[in-house]
Structures are given as structure tokens and as C-alpha cells.
Amino acid sequence: MSKALLQQLVAANPAALCGLVFVAGCTGIVGGTPGGSGSSTSIVGAGASAGASASGGGAGSAGAGPVNPVVSTDPNTIVDNPPAFAPAPGLLRRLTRTQFRNAMSDVFGYAVDVNQIDTDSWDQNFAAVGAAVVITSDKGAEQYNTAVESAVDAVFSDATKRSQFIGCTPTGKGTDACLRGYVQKLGQRAWRRPLTSAELDGLGTLAASAATTLNSPVEGARWATAELFESPNFLYRPELGAPAANGALRFNGYELAGRLSFLIWNSVPDQTLLDQAASGALATTDGIRTEVTRMLATPAGRESVGNFAEEYMRLDRLATQAKDPVQFPEYNASLQTAMLRDVRDTWASIVFDDQASVMNLFTTTKVVVNSDLAALYGLPTTGLTPTTYKTLTLAADGNRSGLLSKPGLLSEFANQQAGSPTLRGKFIREALTCQAVPPPPAGVNLAAADQPTSVPMTKRQRLEAHRAAPGCAACHALMDPLGLPLESFDAIGKYRTMDNGLPVDPTSTFDGHAIADSRALGAAASQSMTVAKCLVRKYYSYAVGYPERDVDGSVLNTLEATFNASGFKMRDLIVAVVTNDAFSAVAPQP
Amino acid sequence: MLATGAAVSIPLPLLEIMLNSNGTAYAQTATPVPPLFVLWFFGNGSLPGIWKPSTTGAGSKWTLSAQLQGLSAVKPYLTVISGLKNELVAGGAEHPTGSAGATTGAPLNGNAVTAPSIDQVVAKLISKGAAFNSIEVGVTPATPNGPQDSLATVSHNGPNAKNVPEYSPQAVFTRLFMGSTGTGTGTTTDQVAKLASVRKSVLDSVLADGVALQKRLGAADKQRIEQHLTAIRGVENRLTTTPANTMPPVMCGTPTAPTVGKDANSEAPPAVNTAMTDLSMLALACDKTRVLSYVFSLPAAHVYYRHLGSNMNADFHDTICHGDAGDQSTQTRVDTGVHYVVSCLNEFLTKMQATSHGASNLLDQSLVLVTSDTAWGKIHTNSEWPVLLAGKAGGRLQGDGHYNFPGDNLSKALFTAAQIMGSTDTKFGSGKGAVTAPLTGIGINT
């Protein structure tokens, strides 16, 4: 782009000139890589990498010259000498949509559509954290009841399933031992604790009354079952603690069983875990380690990584995204589902199948596809259908590698017609490096880059014009360089070489180093200590259910060291998190 | 459920026969009939230069502006409020803070609103006895997908308590008219009544569980459970006050289930607006609810009005509002979009006028508050906020006027609406949205 054209663009669009307030807003703490554990790895720091003027090819960089590497860091940056750990108050977390779905599936074999369940709160960007503050709407309460009745019916409308499920023959009487035993066992799984005898009496009375009214002992069991899962005792997780032997407040065995179960399986506990709670085994670190090791080895253990990935990568966005139906006729519900699953399952596969460094995610050629997604990747669809999935491998010398070139991520940070380097870069900056990007200043024309021009321009060229406005440059330099290599992919993540009739220029910088394209971006991310440390912080918050605090600093430093020493094995990180005292200690609720 | 062909249970509409001779109170109890309330919201603002009428006053003293021309059929019912300023708009987060300011009169705290929205304030005043405390419907789910709750909906019970709109017309119909279904629904009146009684006993037990749980919790979590239990009591109330299949299907009793699906392409199609408007009329006229929020489009909606012409096939928020050349009177494509919004609002208001309610019609008997999340979307201005009151609120509002309040606090419009609906509070809003006086001189009958 010529300098004259650039000046013309800016002149025609004074609103794009970001004011001084913007510069002030963007001049935060200079981010450095957190101190501490870097000894056993070649991974390099990637903190303040804002010096992104690179624009190779013929695009030129007139007016968008080098920018001071100022990074406003997350206020909760880990420090070398953090204050002593202090437990956080007990939480009352509501089951997330996926936890509710998984529980209905595990208990009743019934598939709930999560979009028919009350929305999660994304406070702190994790549903698992927002769960501690979210409040159920009127419609949400109805939706729970409807979903539970349907799930219970999936078992009770089938005589064979029903009789296996109950395990004995109810009599419909108030003193029915069969019913009481059934409710006792199922209730303990649903409520993650033994039911009190008063609660058992109440459910017995409820069942007997329903059996009489509907003239069927089995109907009594049906409605007692519905009660167990419509109850706040199922839908909410009171984790409040009890005094331990030394007097300190600690989660009791059943509360810990619930915490482990929803973290590792993202669902309700099994009988073995409940037995461990009852025996007192979870009162010790060794007991927790034994149990979490068993849980991680089960198929459901993959949820500990898969669901984390779903929340961390904000894949919930996919379900609400439309795409231009003419431009992308292949974009349908099956493709959306596959996009989500590809990201989720690739994370889990790296961790559980390969048992490799999770940093390999950024360079992996592994993809999990159905027929729709295989077509998008340009892979053969032989043997695949919209509902049949396979794990396949992309060509090692192909156009993509790693998480950042997966269609799920590329599509969710795009509008209906085009990808957004700014949104993609902002996500990478904030989620993967734990660095905050300040909001744009008041009154700025946010779409200056979309000004119609007399000559065709690529998105990159238009963004460069935008960044030429003095106040806009600093913060865009935090986002755009991380997204520009992904310009090789369109609004649904298909590979492309042309943008608006002009060649795509995917060159950029990462941590001050020139990178050639998205593959190089992935390679750089896989070597970034900043990314690795950020992952520890994110997983910790996801696991404990509250946003990171200053007093978590020492715990995070310990976890980072463990993660680093393990060669970035996520299973080791998970075990380290749940065996840390921070996972078991609790303070009273205010 | 619809596929099963189960009979639909419909409550009686509010007929004249149920009212006193003036149509102002229930005949049997002499309880005043409260006006109904609608929050009608659209995203991305207007073009203030051609939204605002050129003259003020009532009746013939004012004429409709260019962007409000589409409402000429209901001009006698309009009270246009101009000049207001949303003091809560915060730089860098203009849409979410603008949305929170325009609906709650209070600032955001992180991603959460800090106060209930105006529809929920009103629901506390008038919803007792209605089947639903409030109903939230939406035409297009198009969204910027930001983290703030005030981008996901305009109806809030308070912090972290979103009432998210339902975008599927069939789902709205099912919720309103098919009862709290689930499974095992019987086919005879006797079976249905028995099932309702069993469901009630289940819910009683759920409520008892909740009360026991509350005793273990701190104040904030106790309140969270309380809101859940309130919702359960609502479900229970609907089970016992509208037993399925027992009401004779008169007038309200033959609604047709909508066939149009939800807007899958984020383009706010006319057919969905029609379906949601029709469902809203049924919900209000049949006393299913007295409070409704109608989200034509969400704050900062990334909507594509491609059905309005090939030149409109672009992101309305990103490309058209922010990107198009022109000032606050001349952005042509923005004007096309706002005209479409107003035509959809006109469909809503004219159908209210055509729907009997009590002694007159829904528009006579309701207050409709129309607003948005920004004034001029291009640069997120916060003055000349779009505010329109429609309806006569059961005679409490005269209508047919335009009143200008240059620089006055937008929260005053919310406070005024609350007072029209019966609030006796002496203040509204908080922070920069706190006000202690309503708007005066806008044709309110006392």
C-alpha cells in the first residue's frame, strides 16, 4: 500500500484517530516472563511481544512503524515472593450445562441438548468459575425439570431397563425396603453424600403417595427419582468444609469426592469414589493421589482435559455462530459439532493417547473429524459420516499444524464472512499468554479498517491503515500480529491463499522473532514459557472454581515447577493441583 | 409435544364479562386491572439526526421524524422522549454498559449487571397472580458473543441472573400453551389431574430440600437458592392454577402452533418477527404474562439484513454501523436497517391495537418502552438516546406527543416507566444512573 493511500484513508476517517486517552489506557505494566522455573526446558519467554511491525512481502509497513513493547499484564501476575496462601471461602457451584448433560447421560443414558439448559455464566471466562455466582432463571428451572423428567422416562418407559435400574420390585407401600434401598443408593450418587434418614423418609412418603395416586408402585419410584435430580441437592454443589483433626477447615470426604468427580469426569461420582469418601481415604494427600490416578485412567477421565479445553477455548461460541449461507453452504450443525469435538478431542488425545507434552498441541497434525470436517480439511471422507468420527493425521508438510489452525478456533473468532485477525489475536494474547488487552478508547471508530476504498486491499492492509492512527497502534500491536498468520484461513477455517483478490501475506512476529506463517506461529507457541505458565494459571482457576488471587501465587509457583519438571504433562499438572492443599482447604462463607 | 397431537390447554382471555362496567377492575374482586408492560429492545441504536422529531408538543404540534414514519398508524399512542443521555456508557465497553444503563439504570460490575432490569422491576409490581412472572422472546440471536451478561440479554433479575430470550417460536408456544409437560402425560382429564398432583408433591419436596440447604449457606448463596425456589414455586403455581385440558377453548383457545423455525442465519427475518409478535399478543391477551421483553435484536447484534437487499449483506454492527461513510443523518444503509426495525415495531404495536383486552385493546392497556444499547452506533454516542413510549397504559399516559429533555439522565425514563406502572419508589438506578425525579410534562394522567 502506498503511503499516499494510507494518509488518504486516515484523513478520510478522523474518527479512527484514537485519542491520547487510549495511549494512557494501554500503557500498563511492562510484562515480563514470570520468574522461577525455567531450568529444564528450552522453551523461551514470550511476554512482551508487541513489537510487531513486520509485514513482509510487498505489503510494506508505511506509517505503522515499530511500537514500544508495552503490555498491560493481568493484575494477578505471579510474583517471585507471593504472600502466604490463604484458603478461599466455600462455594456453591451450580452444575454447568455440560456437567448436567454428562450426569443425565451417565445415570440414565439420556442425551440432553445443552442449548435447552439454563445458560452458564462466563464470569472469568470459565463456566466452571461462573458456576459459583450464576442464578437460575424461571425458564431455567422449568428446563431442568423437563430434562430430568425426560431422562427418567428414558429408563422408566422401558420395562427391562427400569427393572435393571431399580434392582428390586417396589411395593408402593410407605415402608417399602426396595424403594428405600434404591433411593439411598441412587440418591448418594446424585447428591454426592449419604441421604439423611429424614430425607429418605420424605422420599419414601413421596413415592408411596405417587404410587397410590397413579396406582403403580413403579410410578412411585419414577417420581422419587425425578425428585432426586430436580432437587437443589443435585443441581448445586455446596462445598463448605468441616474442621479437620488439626482444627483447620477442610472439605469433608464427600465434598472432595464431588470436587474430584466434577473436575476429572465432569459428572457425578461412581460408587468406588463414594466409598473412598466414606472410608476417610480422601483425608490424605496419598488417598487423593490414588483416587485421581484411578479416575484419570478411566475413559471419562479424558473430560478433565476435554472439558477444560472446551471452556478455555470458548467453544460454546460455536453454537451461536451463523455464517453466510451463500459463501459457506457447507457450514451446518454437523460441521459445528465436529469443530468443537476436534479441538476438545485433540487436547485429550495429546494428553491421554500420546501421553506427550501438552505443548505439542501447537504443532500437532492430529485431527478428529467427521465427514463434514474431513472435507473442510481436504482429507478423504471414506468411511466417515456426519456422526462417525475418526482421528486422522494431516500431512506433515501441509498448510496447517496445531491448535491455532483448527477450524473450531478460526471459525469462532470470525464474523459471518471473514476471519478477524484482531479477534483471533486478542484470544491468543489473553487466553494463551494471560496478558490483558485494554479496551479501545471511547469514541473510536472500531471498523475503520472496513472503510470502503477505491482500490482492493487485504484485511491485513486495512488493519495496517488502522494501526497507523497513533492511538490505535499500541493495543492493536498486542493483538493483530498474533492473528495475521491465521489470515491463511477464512471465516470457517478453510485454507486460502488469496484475500480480496490479493495474495495473503501470513508473515508476522512472535516474541520479537519473525515468523513466516501459521505453522511458525504454532511452533513458536509450543516453545513459549509464557504459554506454558499461563496454562497452569488457567487450569488452577478452572479446578478450584474461583479467579486467581494474589495469595494463590505460591501455589501457582509450585504447580509451574511441577509442570515444567514433568515435561509439560497435563496429567501430572492435574494430579499436582488436586493433591495441593489449596484443593482441600477452605474458609468459611461470608 | 406438538407432534403427539395432545389437546392444548388455554386459559380464558380477559373478557369484558369478567370486568366491572368501566372495564377498569375485575368484577368479582374489584381488583384494579393493572396495565401490561413490554420492553421492546433493538440493538445498534438509530441515526439520531433523523430519529428525533423536529418539533415538540402534543397532537398536531409534532410530526413523526423520518425514521419513525413507519409508525404513523399508531401515532396517537406514541410518546417520544428525546434529548436523554446515558451517563453510564463507559469507553471501550459502550455496548454492554449502554445496554445495562438503558435497561437497569446501573453500571456493570465486571461482566455482571448490578441491578434488575426495568421489566423485572415492573414484574415485581404487577405479576402476582399471572401464570408467568415474565416472558422473554427474541427475533434474532445474532450476537457479538462478548462476556458481559448485558450483551446476552436485556432482562435481568439482578447480578448474574440473566433471563435469556427464547428465539424459537415453537419453544415459546410450547412453554406458553403446552403446560409444564415432560413425560407420561395422560390423555384423560382425570389422569392429567392426578399427574399434576404428583408433580406438585415432587416440587414440594424439592422446595423443602432447598429450604434445608439454605440453612447451611452464607447470605449470597442463600439468596441464589431463594431465586431458584421462587422459580419452582412458579412452576408449581402453573400446575395447580391452569390444570391441563379443563379450560374451554374460547377465543384464546384456538392458537395455532407456529411453523417458522428460529433465525438460523442471524438475519432477523420478517417471518420470525411475525411469529414472535403473534405469540406475544397471545401471551399478553390471555393473561399468561403481564410483563414481556421483546428482543428484536441484542446489543451490538452482528445481524445481517440480507433479505433487505444485496447491498445489506454485511455485518450490520461491524461493517455498516461502524464502517459506512456518513454522519448521524446520512448513513444510508444504517437508515435502511433502522427502517426495518421500525417496521417490525409497527407490526407489534398495530397488532396490540387490534387485540382485544378488557374493555379496549392491548395497546390502550399497556406501556411499551422502546430503547436500544447506543444512540448513534457509528461512534457510540450516549446523548439523544432512542426512547419511545407506546401505548396508553390503561389511561395513565395520554400519548401522541414528543418531549425533549436535553442532557437529562436516561434513568429518568426508566423511573418514569416504573412510576406509570405503579412504583412508589423515590429513586431509580445507581452510580451515574441514579436519579430521584421522573420526567414530567409528558402527558401522564394522575
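How do α8(A) and α9(A) lie relative to each other, oblique or parallel? They are oblique to each other, and the details of that pairing follow below. Please keep in mind as you read that this is a predicted model.

**A helix pair in chain A**

- Helix α8 (residues 197–214) and helix α9 (residues 217–230) of chain A pack at an angle of about 135°, and their axes are 7 Å apart.
- Because angles over 145 degrees are what count as roughly antiparallel, this pair falls into the oblique class.
- The crossing in which α8(A) passes α9(A) is right-handed.
- On the α8(A) side, the residues making the contact include A:Leu203, A:Leu206, A:Ala207 and A:Leu214.
- α9(A) answers with residues including A:Pro217, A:Gly220, A:Trp223 and A:Glu227.
- Sorted by class, the contact between α8(A) and α9(A) has 11 nonpolar residues, one polar residue and two charged residues.

**Where chain B touches chain A**

- Between the two chains, 58 residues of chain B are in contact with 53 residues of chain A.
- On the chain B side, the elements that contribute two or more residues are β8 (162–163), α6 (189–214), α7 (219–241) and α9 (316–321) of chain B.
- Of these, α6(B) gives the most, with 11 residues.
- The residues on this side of chain B divide into 19 nonpolar, 30 polar and nine charged.

**Chain B as a whole**

- Chain B has 446 residues, and 58% of them count as buried.
- Among contacts in chain B with a separation of 6 or more, 73% join residues 24 or more positions apart.

**The eight-stranded sheet of chain B**

- Eight strands of chain B form an open sheet with mixed pairing, in the order β2-β14-β3-β13-β12-β1-β9-β6.
- The edges are held by β2 (57–58) and β6 (135–138) of chain B; each has a single partner strand, so one side of each is left without a neighbour in the sheet.
- As a reminder, strands of a sheet pair through backbone hydrogen bonds, either parallel or antiparallel.
- Strand β1 (residues 36–41) and strand β12 (residues 366–371) of chain B pair in the parallel sense, over six bridges.
- To find this pairing on your screen, look for B:Val38, which stands opposite B:Val368 in β12(B).

**Two residues in one loop of chain B**

- B:Thr114 sits in the loop between β5 (112–113) and α3 (118–126) of chain B, and B:Pro116 has its place in the loop between β5 and α3 as well.
- B:Thr114 is partly exposed, because 19 other C-beta atoms lie within 10 Å and a residue needs 20 or more to be buried.
- B:Pro116, with 22 other C-beta atoms within 10 Å, is buried.
- Setting aside residues up to four places away in sequence, B:Thr114 touches B:Ala106, B:Pro107, B:Leu108, B:Asn109, B:Pro159 and B:Ser430.
- With neighbours within four places in sequence left out, B:Pro116 is in contact with B:Thr104, B:Val121, B:His156, B:Asn157 and B:Gly158.
- From C-alpha to C-alpha, B:Thr114 and B:Ala100 are 8.6 Å apart in space and 14 residues apart in sequence.
- B:Pro116 and B:Pro159 are 43 residues apart in sequence, while their C-alpha atoms are 7.4 Å apart in space.

Technical notes. Residues numbered from 1 in each chain as written. Chains lettered and ligands numbered in written order. Predicted model: local features only at pLDDT ≥ 70, side-chain atom pairs only at ≥ 80, totals over all residues. Contact = placed C-beta atoms within 7 Å. Helix = DSSP H or I, 4+ residues; strand = E, 2+ residues; numbered from the N terminus. Nonpolar A, V, L, I, M, F, W, Y, C, P; charged D, E, K, R; others polar. Buried ≥ 20, exposed ≤ 12 C-beta atoms within 10 Å, placed from the backbone. Pairing = 2+ DSSP bridges. Axes fitted to C-alpha atoms, helices over the stretch in contact; angles between N-to-C directions. Parallel < 35°, antiparallel > 145°, perpendicular 65-115°, else oblique. Left-handed = near helix turned anticlockwise from the far one by under 90°.
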